[in-house]
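Me: I have a structure open and want to go through a few spots in it. Can you take some quick questions?

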Amino acid sequence: MASVSQSTVTFSGSLSSGIAASELLRSSSNGVNGVPLRTLGRGHTDTRKKRLSISAKVRKVKKHEYPWPQDPDPNVKGGVLSHLSPFKPLKEKPKPVTLEFEKPLMDLQKKIIDVQKMANETGLDFSDQIISLENKYQQALKDLYTHLTPIQRVNIARHPNRPTFLDHVFSITDKFVELHGDRGGYDDPAIVTGIGTIDGRRFMFMGHQKGRNTKENIQRNFGMPTPHGYRKALRMMYYADHHGFPIVTFIDTPGAFADLKSEELGQGEAIAHNLRTMFGLKVPIVSIVIGEGGSGGALAIGCANKLLMLENAVFYVASPEACAAILWKTAKASPKAAEKLKITATELCKLQIADGTIPEPLGGAHADPHWTSEQIKAAILESMDELEKMGTEELLRHRMLKFRKIGGFQEGLPVEPEKKVNMKRKEEPRPGLISDKVLQGEVNKLKEQILKAKESSSVAPDMDQNGLIEKLKREINYEISEAAKALGIEEKLTKMREEFAKATGQQLTPAQFKDLEDLKNEFNENLATAPNHGRLQYKLNLLKEISEAKIFAENYKKSLPLKAKVNEKFRQVLEKPNLKQKILGLKDELEKSGVSAIEELDKELKEKVLEVREEVESEFVNALEASGVHVASRVGQSSMAMVKAKVDELNAEINQIIQDVIESTPDLKNKIEMLKLEAVKNKKTPSHESKAKMEFCSH
């Protein structure tokens, strides 16, 4: 097909004014601009006065082979339809590009090449040295690429030789037909769309296309689409939804093209339209980030059911350089920004923004593009198998929930320590602004914790007495300052504080001691007249309570290890075979007797119980003494109970003997009866006669 080259066409005569005919007669898709052709045809021209001459040159050029070549190769992979795409393999192999952090590897590689060259030149055997260097190179490569920093992954994602969208598509598809145009008069080369098959299954492919060299990058606008590109992708989404083709999108763009023309053509509207439409498509969508995914330009074709990322791909709202320029006013802080932005595949999977990571070979995807494409193919088929099992409603809900859960939060969960360190500290309210109700609430809470600690012998009270004490001290100092101001001694107090500050580390002079005592006495004498005396006294009482609570908590924490040690020793004593046998035997006897209290036991069984108890106590005290725990007294509560029981038993025997004597002597019995009658008769105030009778009876 011949191509016509339009040369300049000029008018002569009175219409000639130096204006080119191409400017007057130029046309566009909306019609004819300049002078309408119809008007020119109707005009009356006098050839004698107004001569019009038109000249044109036609330049023949070589016939283009696109879209169909004259002799298509039927044996090409994918069939004749593959000729529809202008994307061809590069004639020249791309030049190797070494990133800054890869230079140590290049040194090793250079050594290997030098040794091989020396072996070829000298004919000597350097195989051992070469193998050793190659092993070192492989180990260094592995160590480097398994511990990459975020900014290093950004550099790999931007590598000039990294496989592009069409590289992967032609590698994984059996057939691929590229579809062009947004049906609005433009075909954006930065976004490529088309239909392809993988293992006989049809998919709609679309993705950002970067160039493989400078010429292609200029043609593809460095992978930055205009609104026409997003509208082309939108048209293909509708097409895929209508015909039931699952959609696979490849993301690899630094962002949408942000020039004036793109904004005039509605860049934001085109992206927003794509976002809204993708959430309503009834076919499965899988997005794969193969390089860098920047901002809304990436998201415009990335609202998918599953978002997968290559191992060294990045996905961000703003590039690390832009973020560093905003926050730290210099692009040199981009490594720090890349780390804080959490833009790598691993971090995004943790945040549940990405759904999976596709592995890359050591050295990046450009080290083995075919192997990387095979991993992408396997990931696509696996994800589509999962999504195609869902119904339409379930598929739409799955896509909606994926984005709804992003940025969610939960209340009431403790903050991780590493995150808490970097959080802004909460500012304490200024003294005097904390209400008495708030302070009382904190004290009551502390009291409740103390009660729980007293009831539980295994859990230490979780109390922050120091924080509350410091808060109360600040409040008390504030109240003292206010009271001093009201009493008119604020200047004296300030002067005294300044003197003490100067005398830090030195002893006070007698004169300073006297001034301090005088000021203290004056303040205490007049304090009752201060307007805030009640608040100050209330806060002092609170401080006293908290200080006592602190002492209790400290003593309690000190006693916990001792309690645990004592309990362990007591358990060991009870587990001794001889004592355990005696206790079990005594338990059986008590169960057979059927009594519930020790007072109801007979004498023999009671003595046996007391004997076993005493033996247990003795063993327990000995065990404690042996472990280094000093027992102040061996007479415990149980021993005192035993002594009391013995005394009560002796008193009972004495009373029985007295009763027997009285019963055997009638005269003594009669006198005692008379004495009892007199005592009852004159219970409150006995007379002299009654006292005499009582004395007589007692003798």
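This is a predicted model: local features need pLDDT of at least 70, side-chain atom pairs count only at pLDDT 80 or more; totals for chains, interfaces and linings use all residues.

Me: Start with the helices. At what angle do the axes of α20 and α21 cross?

Reply: Roughly 145°, and the axes of α20 (residues 490-502) and α21 (residues 510-526) come within 11 Å.

Me: Is that crossing left-handed or right-handed?

Reply: Left-handed, as α20 passes α21.

Me: Which residues make the contact?

Reply: From α20, K492, L493, M496, E499 and F500 take part. From α21 the residues are Q512, D515, L516, L519 and E522.

Me: How many of those are nonpolar, polar or charged?

Reply: The contact of α20 with α21 has five nonpolar residues, four charged and one polar.

Me: New topic, S383. Where is it?

Reply: S383 lies in helix α15, which covers residues 369-387.

Me: Buried or exposed?

Reply: Buried, because its relative accessibility is 6% and the cut-off for buried is under 20%.

Me: What does the S383 side chain reach?

Reply: The backbone oxygen of A379, at 3.0 Å.

Me: And which residues does S383 touch, leaving out those up to four places away in sequence?

Reply: V286, K306 and L308.

Me: Last one, Q129. Which helix is it in?

Reply: Q129 sits in α4, residues 127-145.

Me: How far apart are Q129 and I112 in space?

Reply: 8.6 Å, C-alpha to C-alpha, with the two 17 residues apart in sequence.

Terms used
Residues are numbered from 1 along each chain as its sequence is written. Side-chain values use heavy atoms; hydrogens and water are left out. Axes are lines fitted to C-alpha atoms, for helices over the stretch in contact, and angles run from 0 to 180 degrees between N-to-C directions. Helices (H or I, at least four residues) and strands (E, at least two) are DSSP runs, numbered from the N terminus. A crossing is left-handed if the near helix is turned anticlockwise from the far one by less than a right angle, and right-handed if clockwise. Contact means heavy atoms within 4.5 Å. Ala, Val, Leu, Ile, Met, Phe, Trp, Tyr, Cys and Pro count as nonpolar, Asp, Glu, Lys and Arg as charged, and the others, Gly among them, as polar. Buried means under 20% relative accessible area, exposed over 50%, partly exposed in between (1.4 Å probe, protein chains only). A polar contact is a pair of N or O atoms within 3.5 Å; within protein, one must be able to donate a hydrogen and the other to accept it, and residues adjacent in sequence count only if both atoms are side-chain atoms.
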